[in-house]
Amino acid sequence: MHHDVIVIGGSYAGMAAALQLLRARRSVLVIDAGERRNRFASHSHGFLGQDGVPSGDIAANARRQLEAYPTLAWLEGRVEAVTGQVDEFTVTTGDGGSHRGRRILLAAGVIDRLPAVAGLAERWGKAVFHCPYCHGYELGQGRIGIVGNGPMSVHQAELLTDWGDVTLLVNGAVELSQEARSALARRGVSIEDALIDRIEGHADVALADGRRLRFAGLFTATRTSPSDSLVEATGCALEETPMGSQVRTDAENKTSVTGIFACGDVARAPHSVSLAVGNGAMAGAQVHRSLLWPETVAPMRTEGGGR
């Protein structure tokens with residue numbers, strides 16, 4: 001079958017885009033590897049109408065709603081390659097399948113690169129977070145620790161003072177000038193320079209000097225990158241942001257490759273479920289527009305040009 005659009009990634013942004021296209025009675029194939037970024041969190045917060053709902057329930061309900069549209073096809077699997085050109089793309093999946101589409105929408109999300117601190121990864125999404133709007137309120141204005149992971153940790157520490165009593169755990173990963181230390185002090189942020197040995201219990205930080213600090217929760221400014229090497233293989237231009245690398249897109253969600261669009265965390269920052277859904281809905285409308293008016297499908301401009 002020759003689909004109008006193949007959406008690579010069936011999480012919040014991808015499904016929001018697919019919904020717009022399905023309601024325009026376009027044939028859509030969603031290919032999803034089942035690795036939602038927030039699968040480590042038990043509940044989702046800050047998403048209007050779904051606040052406090054288990055994250056898996058939101059995704060499952062969204063998929064059920066998409067499946068009510070007869071022009072949807074859903075494939076659980078991983079994309080291995082995208083070849084061809086606008087109106088004649090071929091997507092190859094890990095099971096050897098081959099699928100044709102007129103447009104490609106990249107919505108595969110990103111992966112979080114966490115600080116190399118013992119015990120941190122096991123608590124990711126449970127007691128260690130990155131977004132205060134998603135997880136700050138539930139800490140009840142208790143003690144919050146920021147595990148240093150680069151320059152964004154300073155911004156994160158200043159921001160989180162509205163959610164509790166904040167301590168920045170430098171951990172050798174953040175260079176602080178005297179000016180920065182003074183600014184943090186004015187915001188009420190405590191600074192801990194001792195190295196972290198490990199994280200224990202719920203969110204207890206064992207320092208290398210033998211002290212133990214107890215927190216209601218921990219935050220860290222992760223570095224992100226596209227979750228699938230396929231993104232680079234398509235030839236789409238990437239760009240660096242303070243949060244990591246992402247696909248470069250324009251206001252119409254176009255990438256540097258004609259006929260390939262991108263949305264959600266893989267193409268924009270900052271990140272949250274609400275922002276992913278909004279960006280996905282806009283992307284779906286822009287892809288539909290390109291099908292109606294093919295003359296508008298030209299890729300975004302980049303310094304080196306597009307493919």
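## Serine 11 and its surroundings

Leaving aside neighbours within four places in sequence, serine 11 is in contact (heavy atoms within 4.5 Å) with Asp32 and Arg36. Serine 11 is found in the loop between β1 (2-8) and α1; helices (H or I, at least four residues) and strands (E, at least two) are DSSP runs numbered from the N terminus. Its relative accessibility is 17%, so serine 11 counts as buried, a class defined as under 20% relative accessible area, with exposed over 50% and partly exposed in between (1.4 Å probe, protein chains only).

The model is predicted: local features need pLDDT of at least 70 and side-chain atom pairs count only at pLDDT 80 or more, while totals for chains, interfaces and linings use all residues. Residues are numbered from 1 along each chain as its sequence is written, and side-chain values use heavy atoms, with hydrogens and water left out.

## The parallel sheet

An open sheet is formed by five strands with parallel pairing, in the order β8-β15-β9-β10-β11; two strands pair if DSSP finds at least two bridges between them. At the edges are β8 (128-129) and β11 (190-192), each pairing on one side only. Strand β15 (residues 217-220) runs parallel to β8 and is joined to β8 by two bridges. Valine 128 has leucine 218 of β15 as its bridge partner.

Helix α4 (residues 152-159) packs on this sheet and touches β9 (143-147), β10 (165-169) and β15. The direction of α4 makes about 170° with that of β9; axes are lines fitted to C-alpha atoms, for helices over the stretch in contact, and angles run from 0 to 180 degrees between N-to-C directions.

## The largest pocket

The largest pocket holds about 900 Å³ of space. A pocket is an open set of points on a 1 Å grid over the protein atoms alone, where a 1.4 Å probe fits, with protein on both sides within 12 Å along at least five of seven lines; lining residues have an atom within 4 Å of a point. Grid points are joined across faces, edges and corners, and a volume is the space filled by probe spheres set on the points.

Of the 50 lining residues, Glu35, Arg36, Arg37, Asn38 and Val110 lie nearest the centre. Elements supplying at least two lining residues each include α1 (12-23), β2 (28-32) and β8.

## The second largest pocket

The second largest pocket has about 390 Å³ of space. Its lining comprises 18 residues, with His130, Cys131, Pro132, Met243 and Pro270 nearest its centre. Helix α4 contributes the largest share of this lining, four residues.
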